[in-house]
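Subject: Structure handover

Hello,

Here is the structure I said I would pass on. Please open it beside this message; my notes on it follow below.

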Amino acid sequence: MITLSDTGAYLIGGNEIIYDTPDGRARYEAELGHKPDQKAASQQTMAYRILQKHNHSDSAEKLSIRFDKLTSHDITYVGIIQTARASGLEKFAVPYVLTNCHNSLCAVGGTINEDDHMFGLTCAQKYGGVYVPPHQAVIHQFAREMLSRCGDMILGSDSHTRYGALGTMAIGEGGGELAKQLLGRTYDISMPDVVGVYLKGEPVKGVGPQDVALAIIGRVFDCGYVNNKVMEFVGPGVGKLSEDFRIGIDVMTTETTCLSSIWRTDEKTQEYYDIHGRLDDYRQLDPGPEAYYSGMIVLDLSEIRPMIAMPFHPSNTYTIEELNQNLDDILDDVAKRAQVSFGGRIDYSLRDKVIDGRLYCDQGIIAGCAGGGFENICAAADILRGRSIGNQAFTLSVYPASMPIYMELIRNGAAADILETGAVLKTAFCGPCFGAGDTPSNGAFSIRHSTRNFPNREGSKIQNGQIASVALMDARSIAATAANKGFLTAATDLADIEYRNYVYHFDKTIYEKRVYDSKGEAHPEVEIQFGPNIKDWPKMEPLTDNIVLKIVSEIHDPVTTTDELIPSGETSSYRSNPLGLAEFTLSRKDPAYVGRAKEVRRIEELRVAKQCPMKAEHALRDEYKKATDQIKAHFPDFDGPHTAVGSTIYAVKPGDGSAREQAASCQKVLGGWANIAKSYATKRYRSNLINWGMLPFVYEQDELPFKNGDYLYIPGIRKAIIDKEDNITAYVVGDEMTPVTFHLGTLTDDERRILLAGCLINFYKES
């Protein structure tokens, strides 16, 4: 069904694959009449051409990217603009769209009103941006409808910023990277590898884009095949997919941990732009005649069957048929995964969902940037037409991704078909995807066409003993399950469905009436409207000559998601209050973390105030004195006033998932100075650490020479960064002062300066 090459591969004429092996190179020369040139051929990918078009450095390998447009939503844009304002913002240097699809309910926790929205509107007016009011569109659907353009690049402060199916290379990053762009700076990366995704065949009836996406994620995630690389979709199978189908696959490439994506474009892409009144934004994109890829994924669309990603990760995939045939074994595996995720703190099982040998689902959701597309909802309506979801526990909610889609569903009758079943049609909102809407009951099992099914992401709280589970599925199979009143059913099992294949008519008049568009014109006289929960960033200190770190959390899960580092859901209401939000850091993974980190922060506060750390009002005072006495015994020149004191965490592979920089910034405002990891799950999380002045240490060994509660002393850390050293010697504080070597990895000159300055804000102030 899906194969991964062990070597690089050449794509000849867009259709023929020749692998970079001795036999392949001989075949290449025989067919084309010349030897393969890997370097020249790698420059024929669509990704390479687009990246170089946006590169403002003198190097083809060390890129300095300026994006064409930026986009954020109302969990992230306040922090971004506050960072940029603190760094000297006068006008948005890049077109910037502020959407409002996360705090749409205005009814969860700290900010229970529209303070953030009014902040966003007045900032769009003052600095020259675009403001999309709540319920009009989710961030990515608005970008598809109004911002994408073939050959462009868009940077978004949401990890699912993916518009490759529309010929736009898009990247999701933490807010610090958007602040740089707003101030006219660049996004600095090494030229990424490009992996080809060769599609052939055609999907069978009942298979949707989420099925294809989950099949890919399940195949490549664990082996890291596309980690921090660009996925380039090519091959004859692309032409067999509608544009909406391509978009549905494309948005889920984030869950592979790739950097970005790009697709070849054709007449169907052209039709999409024409429908949306932007035909001038279309141009055909294809790889060159002899394009080289560092790896090749080959996928036969005709072999894909309805898929399900079981808790607690999009890569935990099975066909629905396989799950139904092996319920006991697979549910046992899910229970074992839960024990890892929850540390054995909760008794978890889905076996009570098996009724007469069939798996029962309590809730269905079709929503957001992945599920809320026009074709997905129309296909669900076709399956549900004339049926009932029943009057038992099962519920179904459908969220169209934009108001134009909603209006078209009303006009073509699909909305009525859905509502007549007992399902509920709601407005554009990302809530079900991050735990702020349709939170399931305790012990419930929810099937969703959304983007993620991480632990607790749907809104349950393990610390209160409340836990629910989410499985990812395509809208078609969710509708089939709804038609069977909650019993898990693959859409391909319903043979009598007539898919009407509605034609979409885009009507942007609602945007013309409701969206504020400055057309790039700033109005500096506008006063920004703040609210009591919108706070400035606290002052952050520059990196000192040396540093003492206390390990305050130790996580040995194979992967730690950003949702586990800073939970989504109700915490998002404090998104504009750095100190308030920080109280939730690691709350669902290590509830003791915040208290431990604050104790260490108090020691540092006293140092900064040039007071004796022995004035600390907690037990850590004596512990810290003992640690520093041991350091002084081995390093007589230890200089306390020039040695910062901070906390750090160890995690095997942190940072999978969301682009929210709060996963790093919350640690920083609690006194964090570093992370230690075997590796980092995504570039964006590592970038977030750096932008908040946190050292991204790597320790690749399985056996750790330190443990939770230990102190580390790192002499000469500032000089090491100035000297561009990679190997950093730290000492585990004890009678023996055990040395341990950390790696910093590749850092750009600006990233080093940011670390030295203590954070991005300080760096810009210094500049």
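Helix α25 is largely enclosed by the rest of the structure, because 9 of its 9 residues are buried. Buried here means under 20% relative accessible area, exposed means over 50%, and partly exposed is in between (1.4 Å probe, protein chains only). Helices (H or I, at least four residues) and strands (E, at least two) are DSSP runs, numbered from the N terminus.

Before the rest, a note on the source. This is a predicted model, in which local features need pLDDT of at least 70 and side-chain atom pairs count only at pLDDT 80 or more, while totals for chains, interfaces and linings use all residues. Residues are numbered from 1 along each chain as its sequence is written, and side-chain values use heavy atoms, with hydrogens and water left out.

The buried residues of α25 include Lys-683, Arg-684, Tyr-685 and Ile-690. Arg-686 also lies in this helix, which spans residues 683–691, and counts as buried at 18% relative accessibility. What is Arg-686 in contact with, leaving aside its neighbours within four places in sequence? The partners are Tyr-680, Pro-696, Leu-744, Gly-745, Thr-746 and Leu-747, where contact means heavy atoms within 4.5 Å. The C-alpha atom of Arg-686 is separated by 9.5 Å from that of Gly-174, although the two residues are 512 residues apart along the chain. Just after α25, Gly-693 takes a positive phi of about 75°.

Helix α24 (residues 662–669) and α25 have axes that come within 8 Å and cross at roughly 30°. That makes α24 roughly parallel to α25, a label for angles under 35 degrees; over 145 counts as roughly antiparallel, 65 to 115 as roughly perpendicular and the rest as oblique. On the α24 side, Ala-663, Ala-664 and Gln-667 make the contact, and on the α25 side Tyr-685, Asn-688 and Leu-689 do. These residues divide into 4 nonpolar, 2 polar and no charged. Ala, Val, Leu, Ile, Met, Phe, Trp, Tyr, Cys and Pro count as nonpolar, Asp, Glu, Lys and Arg as charged, and the others, Gly among them, as polar.

A sheet of 3 strands

An open sheet has the strand order β3-β2-β14, with antiparallel pairing. Strands pair if DSSP finds at least two bridges between them. The edge strands, each pairing on one side only, are β3 (16–19) and β14 (290–293). Neighbouring strands of this sheet are turned by 25° against each other on average, direction ignored. Axes are lines fitted to C-alpha atoms, for helices over the stretch in contact, and angles run from 0 to 180 degrees between N-to-C directions. Strand β2 (residues 9–12) pairs with β14 over 4 bridges, and Leu-11 has Ala-291 in β14 as its bridge partner. Helix α1 (residues 22–32) lies across β2, β3 and β14 and runs at about 135° to β3.

Backbone details

Most residues other than glycine have a negative phi, and most peptide bonds are trans. The bond from Pro-311 to Phe-312 is cis, with omega near 10°; Phe-312 is found in the loop between β16 (307–309) and β17 (317–319). Asp-356, not a glycine, has a positive phi of about 55°. Asp-356 sits in the loop between β18 (354–355) and β19 (358–359) and is exposed, with a relative accessible area of 78%.

Regards
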